[in-house]
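Take a moment to look over the whole chain before reading on. We will go from the overall picture to single residues.

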Amino acid sequence: MPVPIPRHGRARRARRRVTLAALPAVLLTLAVAGAAPGATDPAAGAAAPPARSPSQPGSQPVSQPVSRPGSRPAPESPARSGQGHTATPAAPRPRLFDATPARASLQRLLPRHAGQFTLVPDAAAGPDTFTVSGRAGAITVRGSTGATLLTGVGWYLQHVAGADIGWPGDSIGLLPAELPAVPSPVTRSARVAHRYALNDTDDGYSGPYRTFEEHQRQIDLLALHGINEVFVQVGAEYPYYRALQRFGYTAEELREWIPGPGHQSWWLLQNLSGFGGPVSEELMRGRAALGGRIAEQLRGLGMTPVLPGYFGTVPPAFAGRNPSAVTVPQGDWAGFDRPDWLDPVSPPFAQLAAAYYAEQRAVFGDSTMYRMSPLHEGGQTGSVDVKAAAGAVQQALWAAHPGALWAVLGWQDDPTKELLAGVDTSKLLILDGLSDRYNRLDRETRWGGTSYAIGSIYNFGGHTTIGANTSVWIDRFQSWGAKPDSALTGIAYLPEATGTNPAAFDLFTDLAWEPGPIDQRKWFADFAGRRYGAPDAAAAAAWEELRKGPYSTSSGLWSESQDSLFTARPSLTAVGSAYWSPKAMRYPAGSVRRALDHLLEVAPRLRGSSAYRFDLVDTTRQALANHSRVLLPKIKAAYEAKDLALFRELTADWAHREKQLDALVGSDPNFLLGSWLSAARSHGADEAERDRYEYDARSILSVWGRQSTSEGGYLHDYANREWSGLISELYARRWSSYFTSLEEALVRRAAPRAIDWHAFEDDWARLTTRHPARPSGDPYVLATGIAATLPEVN
């Protein structure tokens, strides 16, 4: 979920954006902590190389500052010997590095206790290794990188202090004034070299209009939980915009071709173009500056910013404007015309790739890892030799970034055997998005021994549903890594949207750092203790119910739990909201209902943390959502029996439950439509632009795209979520209109009138109504009231 944006933060960002727009490019270079977006003129040649050579990845002398304007240190090498397989040669042992960025992160994470930690860069430590020791009030963490130091702090909080900083929610307010001693020094090393985070869709579904402070918080949390490679998508449109102006396109044409930020994730995947735009140059420049800051923040911690690579996406009519170019129309994706694919073997590809990487370097600096998935979810190969094309894509990457690692998503049929045959697979990492979804998987055979990271997509579209196949994660990480021919070298944290399911985030990232197999039952019991700041019998009972239910779903068909019927397009036969979601409960509903009762019994002294409040709201929300699957069949039966009185009683109860739900989620900052919309509007320079970006932000939640996409591509409600404001203004009104039409039909004894749902939803997406961006109400009081009226279930 997007974190609410403080009003003063939005104002600061707006003022800064206007200032940047007014600066000449040469001054802008100094203003954004690195080379400016647009520092390379479209008519000029390749950009100058970055100020610092990447000769020592991830390291730098203590005396040199990490985040100096105009300098971009190269990121840490992403590869070392992993669990059964080596993707690239082992990196040289890091030298001492500047721990200042890690200390700054620690100050943000633990403002009251940061002074009790001493962070020590350790030149003698092995790669990805930390050691925690110390007496009460004086904890020492030694580590191989800034991020690993923070991972050591996270281990201390989890295993010694008994506190949790989750995503979202924390219990650090219950930490004692003096932190407890470490009984004896503990050293941990990562079991795998690659700890990758963020799906290609995360920017679109988690918050395309977030501030730097919000992204910085995300980076702090990822480092605290042991991640070392992070996909950086924000601002990725700007290198395209700059580079393509050298290949026959005007700035205006490109601004029409590039989608709004909410839809750019799928443009980068070569699925669509234009929707939600046009975008302004000011917006792109601001996003590029933001992306550059994000990449620099990662480098400062010794983490690898994973940047989008170039694999051939071009605007219409590219071949007509560039002699010798060969392009292949890519056909349809969910009702959108896909952008054309420039054959990587044709001469202009290398030239355009070089221009793209030069412009990218000017904004984002260099990296050692790049993310590309040609022919994602279909596409047409035409006359293109995929093997040769893949080799040309890798060679173009290496021409700009010698030896860089190519990260490709393992999804559906990708990567194909043809692609793998064309590249140096020792420089390829497959991010397996299906590791926990299907059975009978043999990744070594399927991908010919190519290095891969075990991954999970347990959230689709930002759905507010709890649960994950956690027992499958534990089993497969251990058993796949133990195979004699194992090519498993990493984990890939890949939910389509982040900021939900804090237990899943904690457990998945723990896979890479726990020295042996995780005991799922013990893990959840320990999680319950630290989640609210102290052991509590009721909390333990609640999380045991959640463990047995939504967090123990099985593989075979799904990696996500069912969504809510309150968010579904109205129908008496509705079985889910998103077309692509599970159609039935994936666990006994009673587990969540009982967990709610237990959470309400947690000791009063533990109820003040943001972790408890979030979990209470989320569990109550889930209990209500599950109840919708009980209530709707009763409404259907009453309608079919033509029992008007019972139909009215049941539909009134449905409307009451929606009101309860809207008020409940309105009491927590992580469930507010107002924050989502305010963030989008803050990027517009005038009212028309603000309205355009609000439509971009609203449409992704509702119609998703144009009518052919919403209906023909079945993408309406794909990103459904139970948020305050979204429930009351869209979902409840939609169900009310539907039930009114059915009631009229019963009274008139006629067929119900037809409703054009796409028009209804698109009208909502074009609204500019305001909603609260701050929570209101008491979560405990609201949850107690709901629990008192929800029936017990098995």
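Over which residues does pLDDT stay under 50? This is a predicted model, so confidence comes before detail. The stretch is residues 1-91. The model has 219 contacts beyond four places in sequence for these residues. Where pLDDT is low, the predicted coordinates should not be read in detail. The chain as a whole has a mean pLDDT of 90. In all, 88% of its residues reach 70 or more.

Take the contacts with a separation of 6 or more: 76% of them join residues 24 or more positions apart.

Next, go inside. The largest nonpolar core holds 229 residues. Five of them touch the most other members: F117, Y156, M303, Y310 and W704. Helix 21, residues 610-640, gives the most to this core, with 12 residues. Look at Y156 as an example. Leaving out residues up to four places away in sequence, Y156 touches F117, V132, I139, A161, L179, P180 and V182.

Is H627 buried or exposed? The cut-off for buried is under 20% relative accessible area. H627 has 10% relative accessibility, so it counts as buried. Which residues does H627 touch, not counting those up to four places away in sequence? They are R657, L790 and P791. P791 is 164 residues from H627 along the chain, yet their C-alpha atoms are separated by 8.7 Å.

Another helix is worth a look. Helix 17 covers residues 502-510 and is mostly covered itself. Of its 9 residues, 9 are buried. Among them are P502, F505 and F508, along with the charged residues D506 and D510.

Finally, find the largest pocket. About 800 Å³ of space lies in it. Its lining has 38 residues. E377, W411, Q412, F460 and Y718 lie nearest the centre of the pocket. Strand 10 (332-333), strand 14 (405-410) and helix 15 (443-446) each supply at least two residues of the lining. What is the lining made of, by class? It has 19 nonpolar, 10 polar and 9 charged residues.

Methods: Residues are numbered from 1 along each chain as its sequence is written. This is a predicted model: local features need pLDDT of at least 70, side-chain atom pairs count only at pLDDT 80 or more; totals for chains, interfaces and linings use all residues. Side-chain values use heavy atoms; hydrogens and water are left out. A nonpolar core is a set of buried Ala, Val, Leu, Ile, Met, Phe, Trp, Tyr and Cys residues joined through side-chain atoms within 4.5 Å. Buried means under 20% relative accessible area, exposed over 50%, partly exposed in between (1.4 Å probe, protein chains only). Helices (H or I, at least four residues) and strands (E, at least two) are DSSP runs, numbered from the N terminus. Contact means heavy atoms within 4.5 Å. On a 1 Å grid over the protein atoms alone, a cavity is a set of points where a 1.4 Å probe fits but cannot get out, and a pocket is an open set with protein on both sides within 12 Å along at least five of seven lines; lining residues have an atom within 4 Å of a point. Grid points are joined across faces, edges and corners, and a volume is the space filled by probe spheres set on the points. pLDDT is the predictor's confidence in each residue, from 0 to 100.
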